[in-house]
Amino acid sequence: MKHWLWLAAFVAACALVPLFGNNYALRLATIMCLYAGLALSWNFIGGMAGYPSFATAAFFGLGAYVSAVLQAKGVPFVAAWAAAGFAATIFAALIGMAILHLKGHYFAIASLAVVEVLREVVNTAEGLTGGGMGINIPLQGMSADVQARLFFFVMLTMTVVLLAATIIVSTSKLGFGLRCISQNEDAADILGINTTFYKVAAFSLSAFGVAIIGAIYASWVQYIEPPDVFDILYSVKPLVMVLLGGLGTIFGPVIGAVLYLALEELVWRNFLTVHAAVLGALIVALVLFLPNGVGAMFRQWRKRPAVQS
Amino acid sequence: MIYFQVLANGLVLGGLYACIAAGFSLVWGVLNVINILHGTFIVLGSYIALFSYNFLGIHPFISVITAGALLYLIGHLVQSSLINRVIAAPVLMTLTLTFGLDLLLNNLMLVAFKADYRKLVLDNPLGRLELGPIFMPLDRIAAMGLALLLTFLLHRLLRDSRIGRAIIAVRMDREAASLMGVNVSRINAITFGLGAMMAGAAGSLLSIVYPISPLNSGMFLGKAFVICVLGGLGSVPGAIVGGLALGVIESFGAIWFGPEHAVTISFTLLILILIFRPAGLMGKRGFE
């Protein structure tokens with residue numbers, strides 16, 4: 001119950017942005033919802049099941065391209081987004097059955113290779129995707145202001161859906177099974193958990209969320225090209241956010257996304273040419289000093305005795 | 001016969017690929033760390049060769065030594081000061097750590113050297129070999145020979161030296177090696193240093209074949225992944241077989257399917273091998 005109250009508070013806080021904030025704040029809030037959505041989606045497979053997936057960029061790009069190609073053929077955008085989600089779910093289920101029996105680094109590499117292959121396939125399938133030229137997604141005949149608000153609310157809705165899904169999964173049998181797999185897969189198997197089914201379910205769920213967010217992103221920016229949406233940073237950023245907020249927790253990914261966006265915005269603004277280096281240094285510091293996320297740091301801090309003798 | 005030429009091209013490229021992958025495979029096999037920095041280390045080696053040649057007139061084949069030594073120091077330092085702190089953490093942590101370090105180093109190189117593609121042009125090339133239907137620049141053949149020689153030396157080092165035996169012992173069983181009196185964190189640092197040294201040496205040799213830019217690091221890293229999986233993890237002979245195989249596959253793939261599909265072919269191969277033969281073509285160890 002407590003989780004749902006926090007969810008309501010999050011929605012209320014976000015819904016205030018378009019009322020009071022300017023366009024810059026609105027854009028930032030949209031990106032925040034995008035990041036939070038990606039982090040929440042990755043958390044199903046990476047956080048709960050403990051499988052270090054780098055396929056996020058593959059699902060993001062796949063979703064963006066499925067919806068873009070469909071929209072270019074005249075399909076209305078909501079239908080195109082849904083189609084992108086289902087296409088990625090099926091794709092992830094098939095790929096997942098093949099690569100989810102790999103462990104540790106091998107799984108990480110295989111999932112990374114999925115990104116590379118998809119990017120090159122989209123790059124070379126010029127007839128359908130426009131190849132390296134990218135693809136334009138036609139405007140929907142709305143003013144820029146209305147569009148900005150529309151995409152913010154759509155992105156927010158998606159984030160809320162994923163947050164609700166996280167709460168449901170984490171308190172259900174699926175979440176329990178995934179945590180068992182993360183702790184000791186062989187033991188989980190012996191206890192009668194259908195590990196293959198659980199892992200594929202988590203992978204597909206993750207792909208579903210990421211692909212729809214990718215599809216919405218494509219409509220939002222109105223032009224996509226393979227190096228943009230299949231950027232490996234889309235695999236790495238959610239991972240960093242979840243590490244920042246706390247692996248496998250419910251609100252950790254959202255907190256991580258907010259913190260990450262704040263840092264990114266600060267770094268971008270002040271260190272334009274070396275922003276990647278600062279981001280890198282941040283990641284290094286995070287791994288070395290805060291491996292359990294900021295949440296764990298606060299919990300430790302609260303546990304400290306008030307008066308030290 | 002065009003096929004002989006394609007095969008020769010593939011083998012020459014493959015020798016260099018073996019050198020790229022040997023260090024990466026060693027670090028992965030012994031430390032269980034995927035060193036995302038490897039591609040950037042290779043590019044750094046290329047820059048050392050480029051600047052040595054342009055400003056000091058030192059031939060890239062000699063820069064192999066300086067680049068290797070310098071990269072060894074960097075690698076040793078990175079492992080002993082940073083990676084050793086989290087070496088026992090889950091896979092995700094070390095991977096994320098080296099990714100962060102790569103972002104940092106690669107960005108600094110972009111700022112220092114710019115993103116322009118540069119080319120090392122030798123003033124006195126060695127000429128070319130004409131063997132029946134095959135034409136090949138002698139410099140490339142020499143580079144391939146040196147690359148294979150270095151890889152072979154690494155193999156002998158692991159086989160014959162005390163340090164090498166200690167590295168193999170750590171790869172087999174970290175705790176047991178520690179109980180036998182091996183200083184594991186020192187061996188970790190030496191192993192990572194050796195990996196970086198191979199990257200630097202490979203970078204020097206590659207400087208006469210590939211254009212040089214910090215943007216190339218991802219491509220080299222991708223090749224190292226594929227070769228490692230192809231040849232099997234942590235074994236130097238595996239890296240040689242995997243490297244030569246990838247060179248030949250890429251060359252033939254380029255004429256049969258077109259050069260634009262080279263990446264698709266090699267990564268599809270990677271996924272297929274991971275699915276059907278996860279220990280690699282030469283590997284014996286399990287895949288966990």
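**View 1. Helices α5 and α10 of chain B pack against each other in this predicted model.** Helix α5(B) covers residues 138-160, and helix α10(B) covers residues 236-257. Their axes come within 9 Å. They cross at roughly 160°. Angles over 145 degrees count as roughly antiparallel, so α5(B) and α10(B) are roughly antiparallel to each other. The crossing of α5(B) past α10(B) is left-handed.

**View 2. Residues where α5(B) meets α10(B).** From α5(B) come Thr151(B), Leu154(B), His155(B) and Leu158(B). They meet Val236(B), Pro237(B), Ala239(B) and Ile240(B) of α10(B). By class, 6 of these contact residues are nonpolar and 2 are polar. No charged residue takes part.

**View 3. Helices α5 and α11 of chain A pack together.** Helix α11(A) spans residues 195-221. The axes of α5(A) and α11(A) lie 7 Å apart, at an angle of about 145°. Here the crossing is right-handed. The residues from α5(A) include Phe77(A), Trp81(A), Phe91(A) and Met97(A). Among those from α11(A) are Lys199(A), Phe203(A), Phe208(A) and Ile216(A). The contact divides into 17 nonpolar, 6 polar and 1 charged.

**View 4. Chain A touches chain B.** Chain A gives 32 residues to the contact, and chain B gives 37 residues. The largest share, 12 residues, comes from α6(A). This side of chain A has 24 nonpolar, 5 polar and 3 charged residues.

Definitions and conventions:
Residues numbered from 1 in each chain as written. Chains lettered and ligands numbered in written order. Predicted model: local features only at pLDDT ≥ 70, side-chain atom pairs only at ≥ 80, totals over all residues. Contact = placed C-beta atoms within 7 Å. Helix = DSSP H or I, 4+ residues; strand = E, 2+ residues; numbered from the N terminus. Nonpolar A, V, L, I, M, F, W, Y, C, P; charged D, E, K, R; others polar. Axes fitted to C-alpha atoms, helices over the stretch in contact; angles between N-to-C directions. Parallel < 35°, antiparallel > 145°, perpendicular 65-115°, else oblique. Left-handed = near helix turned anticlockwise from the far one by under 90°.
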